[in-house]
Amino acid sequence: MAKTKSEYRCQECGGRFPKWSGQCGECGAWNSLSESLPSVPPPRNPRFSGYAGSARQSEVRNLADISPELQRGHPTGTGELDRVLGGGLVPGSVVLIGGDPGIGKSTLLLQSMAQLGEQLSNLYVSGEESPEQISLRAQRLDLPRHHLRLLAETNVERILQIAAHEQPRVMVIDSIQTVFTEQLQSAPGSVGQVRESAAQLVRFAKQSGTAIFLVGHVTKEGALAGPRVLEHMVDTVLYFEGEPGSPFRLIRTIKNRFGAVNELGVFAMTDRGLKEVSNPSAIFLSRHREQVSGSVVMVTREGSRPLLVEVQSLVDESPLANPRRVTLGLEQNRLSMLLAVLHRHGGIPMYGQDVYVNVVGGVRISETAADLPVVLAVLSSYRDQPLPERLVTFGEIGLAGEIRPVPNGQERLREAAKHGFKRAIVPAANLPPKHHEVEMEIHGIERLTEVLELI
Ligand code: TYD
Ligand code: MG
């Protein structure tokens, strides 16, 4: 087969060049050229005819005439994985799993494939580990090994040829950075290679109905290595996260065409592989002997579950002209805004203080329900007064100093009551209709000034 001549395309402006250079000749951007296939499709290659058939005529149809036959998710046998996938594995879907090296991506997929193997034919393609290494791991984890099909290959054309023959219902590519297409000269892992290989795999998934898991490495900055287009091409993007030293692993849904985003799956890494944590609501709570100042427990909602997390703050006199505003697990601008509200509506000056806020356990909170907990933690540290025992809180704070309700208030309160919390400070609009429904002393507040009086 004659190699298709590749070209170099600018990632910024889309300019095309026959040769690589450090600067784009059209828009002047530096280091933005990457190898890609020419946009004119090459003459049809008989080798791809198995799956790349464009023989089917496109037609316009009425939405009502289309039956969504294959959009039902197939349970993977791992409840927490089903949760982040939006109910299960959808045939023909492509799922990208990103995460740091050693976080457990290969372990999770090996476990799931081995369990799924009894119901769905599968193919585990590894470009990172040898079949012997994988077999050893499966043996150590005591996984059923009869139904797991392994392939050590990195050439995407050969992978697809074999897959077209094997016809698996689920396929794992571990990892997308190790596979390459013959049509480009650049090294595996380069932007062009990742994009073109992924494009071929996505095309295969859509045409054959095979569900594909792509394992992706992340860069030092924490983003998926390779082009951002990878995230646009696939149906679902999952991120594997975990704190070094902690056994807990979180899988977060970043994008999902078949379910909700921001869903969270929780696992624990043990010496026998990844174990599901199906009731994770209190795993991030640290147990202090006695109440310390600057610490408060909030109920956040990650995906469809309430989660109890501790918010800590440290307020310290600043030697700097521009005092520090440092947040971990929260948005920094939000903290600056809350401090401004605290000054303007509460009369509490923070301009001479460094303020640090941290969410314990490496959890990231993106919802506004963290406003009230942050303000309480900051106040507690500023005055060096611990908050009452067994107190939980949540609520949004507006610029006018008003306390605004957050979704699912009662569910949050119930979860806190279940874990033995006795007091709550919440937005008045989140008060349960009948007070005896939850066995707690609940203060509903409407304005920031009421908080200051209360504690
Ligand atoms: P792995 O799945 O290879 O990570 P990734 O594919 O994301 O790079 O995970 C390897 C890590 O998990 C390694 O540091 C050892 C740890 N581990 C356990 O603690 N227990 C186990 O049973 C297994 C299989 C791995
Ligand atoms: Mg791996």
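User: Which polar backbone atom lies 2.7 Å from an oxygen atom of ligand 1?

Analyst: A polar contact is a pair of N or O atoms within 3.5 Å. In this predicted model, the backbone atom belongs to glycine 102. Lysine 105 also places a backbone N or O atom 2.8 Å from a ligand oxygen, and for a polar backbone atom of aspartate 271 the distance to an oxygen of ligand 1 is 3.4 Å.

User: How much of ligand 1 does the protein bury?

Analyst: The protein buries 72% of the 560 Å² that ligand 1 exposes when taken alone.

User: Which elements give two or more residues to the shell around ligand 1?

Analyst: They are α2 (105-116), α3 (131-140) and β11 (264-270). The largest share, three residues, comes from α2.

User: How many residues surround ligand 1, and what are they by class?

Analyst: There are 16, and the closest are Gly102, Ser106, Thr107, Thr270 and Gly273. By class, six are charged, six polar and four nonpolar.

User: Now the cysteines. How many disulfides does the count give?

Analyst: A disulfide is a covalent bond between the sulfur atoms of two cysteines. To be counted, a pair of cysteine sulfur atoms must lie within 2.5 Å. The count here is zero.

Notes: Residues are numbered from 1 along each chain as its sequence is written. Chains are lettered from A and ligands numbered from 1 in the order in which they are written. This is a predicted model: local features need pLDDT of at least 70, side-chain atom pairs count only at pLDDT 80 or more; totals for chains, interfaces and linings use all residues. Side-chain values use heavy atoms; hydrogens and water are left out. A residue is near a molecule or strand if one of its heavy atoms lies within 4 Å of it. A polar contact is a pair of N or O atoms within 3.5 Å; within protein, one must be able to donate a hydrogen and the other to accept it, and residues adjacent in sequence count only if both atoms are side-chain atoms. Accessible areas come from the Shrake-Rupley method with a 1.4 Å probe; for residues, only the protein chains shown count as cover. Helices (H or I, at least four residues) and strands (E, at least two) are DSSP runs, numbered from the N terminus. Ala, Val, Leu, Ile, Met, Phe, Trp, Tyr, Cys and Pro count as nonpolar, Asp, Glu, Lys and Arg as charged, and the others, Gly among them, as polar.
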